[in-house]
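Subject: Structure handover

Hello,

Here is the structure I promised to pass on. My notes follow below it.

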Amino acid sequence: MQKLVYLSNSRDYTEQGNINENKYFTYINGLLEQGWNVAHMTHDVLVNDPDQIKHKESYVSFVLLEKNDEDE
């Protein structure tokens with residue numbers, strides 16, 4: 001079985017806190033703990049307008065997860 005998951009993170013470089021508490025990361029980490037495996041991942045860092053937003057990153061990705069049907 002396969003599942004396609006969208007992953008996104010946008011944060012200020014000066015932001016405090018654990019990046020892994022992002023709702024997308026938390027969801028994917030939960031699936032990995034349930035036995036799903038990453039089959040393929042595409043990713044890109046979006047460039048923000050430097051005149052508008054300083055010290056900001058935006059990361060997006062599509063993650064293809066796989067799990068054997070026997071694992072269900």
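I start with S61, which sits in strand 3. Keep in mind throughout that this is a predicted model.

Is S61 buried or exposed? Its relative accessible area is 2%. The cut-off for buried is under 20%, so S61 counts as buried. A polar atom of its side chain lies 2.5 Å from the backbone oxygen of T42. Leaving out residues up to four places away in sequence, S61 touches V5, Y6, L7, M41, T42 and H43.

D44 belongs to strand 2, residues 37-46. D44 is partly exposed, at 45% relative accessibility. Its contacts, again without residues up to four places away, are S58, Y59 and V60.

**The chain as a whole**

The chain has one helix and three strands. Their order from the N terminus is β-α-β-β. Of the 72 residues, 22% are buried. The accessible surface is about 5400 Å². Carbon and sulfur atoms account for 49% of that surface.

Now to the contacts between residues at least 6 apart in sequence. Of these, 64% join residues at least 24 apart.

**Helix 1**

Helix 1 covers residues 23-33. Which of its residues are buried? They are F25, I28 and L31. These three span an arc of only 125 degrees around the axis, so they lie on the same side of helix 1. K23 and E33 are on the other side, and both are exposed. After helix 1 comes G35. Its phi is positive, near 105 degrees.

In soluble globular proteins, nonpolar side chains tend to be buried together. Here is what this model shows. The largest nonpolar core has eight residues: V5, L7, F25, I28, L31, W36, V63 and L65. Which element gives the most? Helix 1 does, with three residues.

- L31 is in helix 1. At 4% relative accessibility, L31 is buried. Not counting residues up to four places away in sequence, L31 touches K3, V5, W36 and L65. L31 and L65 are 34 residues apart in sequence, yet their C-alpha atoms are 8.7 Å apart in space.
- W36 also has contacts beyond its neighbours within four places in sequence. The residues are M1, Q2, K3, L31, L65, E66 and K67.

**K67**

K67 is one of the contacts of W36. K67 lies in the segment after strand 3 (56-66). Is this lysine buried or exposed? K67 counts as buried, because its relative accessibility is 11% and the limit is under 20%. What does its side chain reach? The side chain of K67 reaches the backbone oxygen of Q34, at 3.0 Å.

**Aromatic residues**

How many aromatic pairs are there? The count comes to two. One of them is formed by Y6 and Y24, and it is edge-to-face. The ring centres are 5.7 Å apart, and the planes are at 90 degrees. This pair links distant parts of the chain. Y6 is in strand 1, Y24 is in helix 1, and 18 residues separate them.

Y6 has a relative accessible area of 35%, so Y6 is partly exposed. Y24 is at 26% and is partly exposed too. Y6 and Y24 form one aromatic cluster together with F62.

**In brief**

S61 is buried, and its side chain has a polar atom 2.5 Å from the backbone oxygen of T42. K67 is buried as well, with its side chain reaching the backbone oxygen of Q34. The largest nonpolar core has eight residues, and helix 1 gives three of them. Y6, Y24 and F62 make up one aromatic cluster.

Best regards

Methods. Residues numbered from 1 in each chain as written. Predicted model: local features only at pLDDT ≥ 70, side-chain atom pairs only at ≥ 80, totals over all residues. Heavy atoms only, no water. Helix = DSSP H or I, 4+ residues; strand = E, 2+ residues; numbered from the N terminus. Buried < 20%, exposed > 50% of the residue type's maximum accessible area, 1.4 Å probe, protein only. Polar contact = N/O pair within 3.5 Å; in protein donor to acceptor, adjacent residues only side chain to side chain. Contact = heavy atoms within 4.5 Å. Areas by Shrake-Rupley, 256 points an atom, 1.4 Å probe, with all protein chains shown as cover. Arc of directions from axis to C-beta. Core = buried A, V, L, I, M, F, W, Y, C linked by side-chain atoms within 4.5 Å. Phe/Tyr/Trp six-rings, centres within 6.5 Å; stacked < 30°, edge-to-face > 60°.
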